[in-house]
Amino acid sequence: MVARGGGRLLSHGSHVPQTMAESSSLRWLVIGIFSLAALLLAALAVVVYRFRDARGAQEFVALLIVTAAWSGSAAVKLVAPTPIEYVLVALELLFGVLYVAAFFAFASAYTGGRLHKSRRFLVLAAMFIAGTTVLIVTNPVHSLLWDAIVSSDAGFEHLVHQGKGGLYWLILLVAYCFAMVGLYFLVKLHFRSRYDTTSTLLIIGGAVMPPAVNFVSIGDAAAIPGLDYTPFGLAIFGLATTTAIRQDLLSIVPVARDTAVEYSSEGMIICDAKGRIRDFNPTARALFPELPDNEKAPVEAVLPVEDVTFAPNEPRRTEITVTTGDGDHDVAVTTAPIAEGGYHLGWTVVLTDITEQKRRQRHLELVARVLRHNMSNEITVIQGQTEILRVHTAEAGEKHLDTIVESGRRIIETSAKLRTIQDIVTDERDRAPTNAKNCTEMVVERVRSKYPDAVIDCDVDDVWVECTVGLVPALENLVENAIKHNDAPAPSVRVTVVERDDGVRFTVADDGPGIPTSEQRILEAGETPLQHSSGVGLWLVYRFVERSGRDLTFQRSDLGGSAVGFTLDVGTPPPE
């Protein structure tokens with residue numbers, strides 16, 4: 001974009017105001033519009049400066065400053081003395097060159113390019129700007145840009161260029177080329193982006209207006225020939241920019257989101273409302289090489305839809321097996337609806353390769369199964385042989401045999417707890433309604449029969465909760481630990497289950513010595529070579545709460561010992 005066009009001097013026309021009053025009103029209308037555009041663009045520069053660390057923000061500020069200065073100068077020249085107006089008219093060409101340079105730099109930066117930082121671009125831009133400036137300053141000597149700047153009374157009295165030369169049109173051509181390349185960067189980003197590009201479209205539309213209006217100006221196709229109407233386009237650019245900023249132009253850059261999807265380790269397929277494939281990333285293509293040949297085809301051409309669920313209102317997850325050139329892959333498929341403004345637009349299909357995860361899980365299950373089976377058998381043998389040894393052992397050795405039997409019992413007990421932890425961690429079922437009252441009372445009765453000397457109070461609301469497997473073992477371990485780690489002849493334990501506004505609160509309180517702080521820290525930090533929890537019961541509780549609830553706490557109870565509590569969501573009883 002460059003200076004206003006129009007080499008003809010027109011005194012009037014059928015579409016040009018005839019009276020002095022009309023001429024003055026038109027002048028002040030134009031001045032007002034140009035001034036408002038300058039103020040708007042300057043204010044936007046201040047606003048955008050707050051986002052200066054965002055990609056393209058600094059270049060955008062420079063662009064807004066140039067456009068504000070251009071619009072401001074267009075207003076000033078219409079009220080300034082003739083010498084100042086002469087200078088400002090001469091500088092219109094330079095403002096156009098500065099605009100396209102700033103716009104090109106912004107478009108390159110915002111779309112993730114580095115061309116605006118290259119030494120070649122910086123040198124060419126500097127030479128272009130400096131050369132244009134020198135030619136403007138020296139034009140009265142050589143007249144290579146225009147013959148003269150003269151007065152025109154078309155519409156109202158103002159100065160215009162007369163007799164543009166070939167060098168003027170060359171600079172104009174180069175400037176438009178820079179502007180078109182910048183627009184190409186933004187348009188390319190729009191078509192490449194998989195996300196909302198409303199802000200980018202607004203910038204594209206706004207950026208088109210200044211060169212379009214400038215083109216009308218230099219072609220003398222407007223109502224007032226010779227007047228530079230470009231600030232009108234700059235005003236539209238300012239309004240589009242304002243809306244774009246409100247649309248998160250700088251706070252969420254589309255190219256960054258595209259990069260995250262493009263290089264994600266998870267595959268992604270985008271389907272429209274009719275279930276046709278519209279886009280995919282390289283990871284998805286690696287799992288399904290036939291994707292490029294099935295673009296815009298129904299998704300069932302690639303995915304086994306009999307195993308994959310597309311729900312219109314909620315995400316769904318299924319697992320499938322995919323065969324590629326390097327063998328079979330276990331893939332988790334998550335489908336989620338895409339909706340906007342109440343309209344269903346399609347689905348995202350996220351593909352997660354869980355082959356290694358499944359392989360490790362199967363390996364751990366095998367190891368655990370073998371260890372449990374072998375350990376149980378071997379401990380049974382050891383305990384049996386120990387009892388046989390009692391016949392041949394003196395009374396002094398009885399305590400050693402008792403130690404062996406007790407150690408075997410603890411190993412079997414720990415093995416059972418580890419199995420429960422494994423079930424809690426690996427269980428893939430969703431949370432389900434569970435009768436908290438029945439579970440708690442069953443645990444209390446079971447522990448009472450096992451520890452008849454203990455005093456166990458139970459206060460339970462008749463309520464259901466939402467949880468995965470593990471509620472009964474978790475409660476049982478808490479109650480048993482409270483008894484086993486209490487040296488009193490009649491340990492006292494109180495189990496409460498209370499429904500509150502934030503869920504159902506389970507609490508097991510005792511009058512024992514309390515849970516050591518080191519045990520509580522181990523639950524958060526994990527086992528280390530120098531720290532080992534004295535048992536796995538608390539780990540079982542911790543994993544259950546991690547999967548099913550929240551707010552696992554260790555406090556001092558009013559009985560004098562510990563109070564361990566956690567919260568589960570309220571559940572809805574199933575229909576009878």
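The expected span of a helix is taken as 1.5 Å times one less than its number of residues. Helices (H or I, at least four residues) and strands (E, at least two) are DSSP runs, numbered from the N terminus.

**Entry 1. Ground rules.** I am working on a predicted model, in which local features need pLDDT of at least 70, side-chain atom pairs count only at pLDDT 80 or more, and totals for chains, interfaces and linings use all residues. I number residues from 1 along each chain as its sequence is written, and side-chain values use heavy atoms, with hydrogens and water left out.

**Entry 2. The whole chain.** I looked up the secondary structure of the protein chain and found 16 helices and 14 strands. I call a residue buried under 20% relative accessible area, exposed over 50%, and partly exposed in between (1.4 Å probe, protein chains only). By that rule, 45% of the 576 residues of the protein chain count as buried. I take contact to mean heavy atoms within 4.5 Å. Of the contacts in the protein chain with a separation of 6 or more, 66% join residues 24 or more positions apart.

**Entry 3. Helix α14.** I checked the length of α14 (residues 471-484). Its 14 residues should span 20 Å at 1.5 Å a residue, and the end C-alpha atoms are 20 Å apart, which agrees. I then noted that 12 of the 14 residues of α14 are buried, so the helix is largely enclosed by the rest of the structure. Among the buried residues of α14 are Glu476, Asn477, Glu480 and Asn481.

**Entry 4. α13 against α14.** For packing, axes are lines fitted to C-alpha atoms, for helices over the stretch in contact, and angles run from 0 to 180 degrees between N-to-C directions. The axes of α13 (residues 436-450) and α14 come within 9 Å and cross at roughly 40°. That makes α13 oblique to α14; angles under 35 degrees count as roughly parallel, over 145 as roughly antiparallel, 65 to 115 as roughly perpendicular and the rest as oblique. α13 passes α14 in a right-handed crossing. A crossing is left-handed if the near helix is turned anticlockwise from the far one by less than a right angle, and right-handed if clockwise. On the α13 side, I list Cys439, Thr440, Met442, Val443, Arg446, Val447 and Lys450 in the contact, and on the α14 side Leu471, Val472, Leu475, Glu476, Val479, Glu480 and Ile483. This contact of α13 with α14 divides into 9 nonpolar, 1 polar and 4 charged residues. For these classes, Ala, Val, Leu, Ile, Met, Phe, Trp, Tyr, Cys and Pro count as nonpolar, Asp, Glu, Lys and Arg as charged, and the others, Gly among them, as polar.

**Entry 5. Helix α4 and its partners.** For α4 (residues 92-110), the 19 residues should span 27 Å, and the end C-alpha atoms are 27 Å apart, in agreement. I found 18 of the 19 residues of α4 buried. Glycine 112 follows α4 and has a positive phi, near 90°.

I next examined α5 (residues 119-142), which packs with α4 at an angle of about 170°, the axes being 9 Å apart. α4 is thus roughly antiparallel to α5. Residues making the contact include Leu93, Val97 and Phe104 of α4 and Phe121, Phe128 and Ile136 of α5. By class, the contact of α4 with α5 has 10 nonpolar, 2 polar and no charged residues.

α2 and α4 pack at about 160° with their axes 8 Å apart, and are therefore roughly antiparallel to each other. Their crossing is left-handed. The contact includes Phe60, Leu63 and Trp70 of α2 and Phe95, Tyr99 and Phe106 of α4. I recorded 14 nonpolar, 3 polar and 2 charged residues in the contact of α2 with α4.

Entry 6. Valine 61 lies in α2 (residues 57-76) and is buried, with a relative accessible area of 11%. Leaving aside neighbours within four places in sequence, valine 61 is in contact with Ala45, Val48 and Tyr49. Leucine 44, in α1 (residues 20-49), is buried at 7%. Leucine 44 and leucine 64 are 20 residues apart in sequence and 7.1 Å apart in space, C-alpha to C-alpha.

**Entry 7. Positive phi.** Most residues other than glycine have a negative phi. Serine 143 has a positive phi near 55°; serine 143 sits in the loop between α5 and β1 and is partly exposed at 30%. Aspartate 551 also has a positive phi near 55°; aspartate 551 lies in β13 (residues 550-556) and is partly exposed at 43%.
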